[in-house]
Each structure stands twice: as C-alpha cells, then as structure tokens.
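Here is a short report on one protein chain. Please keep the sequence and the model at hand while reading.

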Amino acid sequence: MSKKQIDVRLAVDVGGTFTDIVLNTPNTQTTAKVLTTTSTPEEAVIAGAKEVFASADIDPASVDLVLHGTTLATNALINRTGARTAFVTTSGFRDVVEMRTESRFEQYDLNLVLPTPLIQRRDRHVLAERIGADGTVLLPFDEAEAEALARHLAEGTDEGPYESVAVGFMHAYRNGDHERRLREVLTRHLPDASISISSEVAPQMREFERFNTVCANAYLQPLMAGYLHRLEEQLHAAGASCPVYLIHSGGGLMGVESAARFPVRLVESGPAGGAIFAADLADRHGLDAVLSYDMGGTTA
C-alpha cells in the first residue's frame with residue numbers, strides 16, 4: 001500500500017443474509033444495507049457501493065481503499081456448500097481426518113457424535129510416498145503412480161468432476177517437495193481444478209490439524225477465489241481502482257490474491273471484525289471488561 005493519505009474508505013461486510021456498505025470521508029459517513037445475492041455476492045456489493053456513492057455524491061475513483069469482512073467462508077463450511085473436493089495423502093493415513101486426535105470436547109460421553117469430515121472416504125486417495133520427520137526422503141515419489149492417480153481424479157465421480165484437490169503428505173511441513181511434484185502432475189490433468197498443498201497452507205507439525213486445514217482450504221477455494229476476483233474486476237469497472245483488503249481470521253488484513261489462494265484464513269473474518277470493533281468501543285469508553293455478541297443471518 002502506498003503511503004499517501006487515506007481520505008475515502010469503502011467498507012464492505014458480506015453476510016449470509018445482508019450485505020452492509022459504509023463509505024467514510026473526512027466529513028461524512030454514508031451507509032447502505034442490501035440483501036446478499038447468495039450465488040453471486042459481488043452483485044450486492046456493487047449495488048450497495050453505487051448506492052452510497054450516489055448518496056454521498058462521491059466519484060468512485062476518489063476511493064482510496066476498500067476494506068472487506070465476510071462470513072461467506074464460515075457459512076460455506078457450516079452449510080457444507082463448498083466445492084467437490086478430493087484429498088490425496090500418504091499411504092496408510094487416508095483416515096486421519098476422520099480418526100482425528102484423542103481430544104474430545106465431551107471426554108466421557110460414550111455416545112458423542114463428532115463432526116463429519118468435509119471430504120468423504122470415497123474421495124480420499126493415497127500415494128505410496130514418505131518423508132521422514134527430519135525432512136529426508138524415506139520412500140521416493142513415484143511419478144507413474146502419481147500420473148495414474150491424476151488420471152483417475154480427472155475422470156471425476158458419478159456426482160461430477162472434482163473442482164478442487166487437497167494434498168497433505170506426512171511431514172510435508174519439513175519438506176514439501178513431494179506435494180509440489182504432485183501439484184504439477186495434478187495441474188496437467190485437472191487444469192480447471194484448484195490445488196491446495198499443506199506445506200503452503202499450513203506448514204506445521206501434527207497431521208490431523210494440517211490435513212484438516214488444507215482440506216478446508218481446498219473446499220473453499222473455488223467459491224472464494226471466484227467471488228474475490230469477480231468483485232475486484234467489478235469494483236474496477238465501476239471506477240474504484242483502489243486496493244482491496246480483506247480482514248483475516250487474526251484480525252489483520254490480506255490482499256485479494258493471498259485471500260484467493262488461502263481462503264481458509266478468512267473463516268473468522270466476520271467475527272474478527274466484530275471483536276475488533278467491540279475492543280475499539282470498549283477502549284473509547286474506558287471499559288476493561290466487555291462482552292460482545294455478533295449475530296448474523298446464518299451464524300453467530
């Protein structure tokens with residue numbers, strides 16, 4: 001971002017029911033609330049933006065910055081409306097995302113029902129490769145096996161083609177070479193599919209957490225990447241050629257390209273924005289103990 005003064009900001013919050021727009025200038029604040037257009041959320045954003053531009057008599061070209069928070073990723077996970085996704089992992093670890101860890105939110109409930117994995121077992125596949133915990137190659141990557149698997153995935157299933165593929169190999173956080181090589185193979189055979197690899201999405205130890213995160217990223221990527229790129233294009237077409245930044249789960253900001261590549265980092269985008277606002281209000285009123293509640297049309 002350039003160091004020029006930011007005088008005009010357009011803030012956008014897209015929820016499952018409503019899309020809220022706020023235009024801030026040094027002297028005015030103009031707001032609009034429109035219904036979210038679920039299949040094409042950018043349409044509601046553009047409609048709301050045009051409304052506040054007209055009300056404030058502001059040229060879209062004068063907007064210096066667009067800030068965006070959303071629960072679209074959250075809602076897609078909760079409602080299971082993400083992409084048709086496959087998962088590829090190291091042979092022997094196909095069921096890690098279902099077996100989970102020994103952590104249970106009700107330790108002594110013998111009838112506890114755990115959440116169903118995002119990717120069903122029939123869509124989880126394996127390759128006979130292995131990286132050691134120190135990053136050394138214990139079992140080499142087999143190009144022929146990878147090619148055969150990629151051809152199989154390219155055929156899709158009775159429910160349709162795969163829109164996205166998640167790749168999570170053992171100890172890839174120490175050495176992601178095998179994941180990158182598989183991505184190259186998959187890209188040749190599934191050119192229209194999104195490919196997420198765990199060594200880039202979540203390069204951390206503990207396979208369940210890493211596999212689960214890369215699966216969620218792949219599951220969300222077609223939806224969020226398509227939306228974000230269309231939004232940026234339509235904002236520019238409307239005359240707002242300024243940068244667009246999204247609130248990520250940690251409360252900071254990330255650009256459109258990063259958000260489209262790692263949409264799992266947007267899962268707490270909306271709630272993070274609400275928490276930051278609550279903290280700001282508390283600070284302005286000198287309060288050090290505050291309870292904040294943020295309810296939307298789909299999630300709270």
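Where is the place of V34? V34 sits in strand β3.

## Basis of the model

This is a predicted model, in which local features need pLDDT of at least 70, side-chain atom pairs count only at pLDDT 80 or more, and totals for chains, interfaces and linings use all residues. Residues are numbered from 1 along each chain as its sequence is written, and side-chain values use heavy atoms, with hydrogens and water left out.

## V34 and its surroundings

V34 counts as buried because its relative accessibility is 14%. Buried means under 20% relative accessible area, exposed over 50%, and partly exposed in between (1.4 Å probe, protein chains only). Leaving aside residues up to four places away in sequence, V34 touches T17, F18, T19, A44, G48 and E51. Contact here means heavy atoms within 4.5 Å.

G176 lies 142 residues from V34 along the chain. The C-alpha atoms of the two are separated by 44 Å.

## The chain as a whole

The chain has nine helices and 12 strands. Both are DSSP runs, numbered from the N terminus: helices are H or I with at least four residues, strands are E with at least two. The C-alpha atoms fill a box of roughly 65 × 50 × 40 Å, taken along the principal axes.

Of the 300 residues, 44% count as buried. Take the contacts between residues at least 6 apart in sequence: 67% of them join residues at least 24 apart.

## Helix α1

Helix α1 covers residues 41-56, 16 residues in total. From first C-alpha to last it reaches 23 Å, close to the 22 Å expected at 1.5 Å a residue. The expected span is 1.5 Å times one less than the number of residues.

Buried residues in α1 are P41, E42, A44, V45, I46, G48, A49, V52 and F53. Their cover includes β1 (9-14), β2 (18-24), β3 (29-35), α2 (72-79) and α7 (207-237). Just after α1, D57 takes a positive phi of about 55°.

## The largest pocket and helix α9

The largest pocket has a volume of about 1300 Å³. Its lining has 43 residues, and D13, G270, G273, G274 and D294 lie nearest its centre. Elements giving two or more residues to this lining are β1, β2, β3, β4 (65-70), α2 and α9 (269-284). The largest share, nine residues, comes from α9. A pocket is an open set of points on a 1 Å grid over the protein atoms alone, where a 1.4 Å probe fits, with protein on both sides within 12 Å along at least five of seven lines; lining residues have an atom within 4 Å of a point. Points are joined across faces, edges and corners, and the volume is the space filled by probe spheres set on them.

Helix α9 has 16 residues and reaches 23 Å from first C-alpha to last, close to the expected 22 Å. S269, G270, A272, A278 and A282 are its buried residues. Among the elements covering them are β4 and β11 (244-247).

## Strands β9 and β10

Strands β9 (residues 164-168) and β10 run parallel, joined by four bridges. Strands pair if DSSP finds at least two bridges between them. A166 stands opposite S196 in β10.

In a regular strand the side chains alternate between the two faces of the sheet. Strand β10 (residues 194-197) is covered on both faces: S194 and S196 are buried on one side, I195 and I197 on the other.
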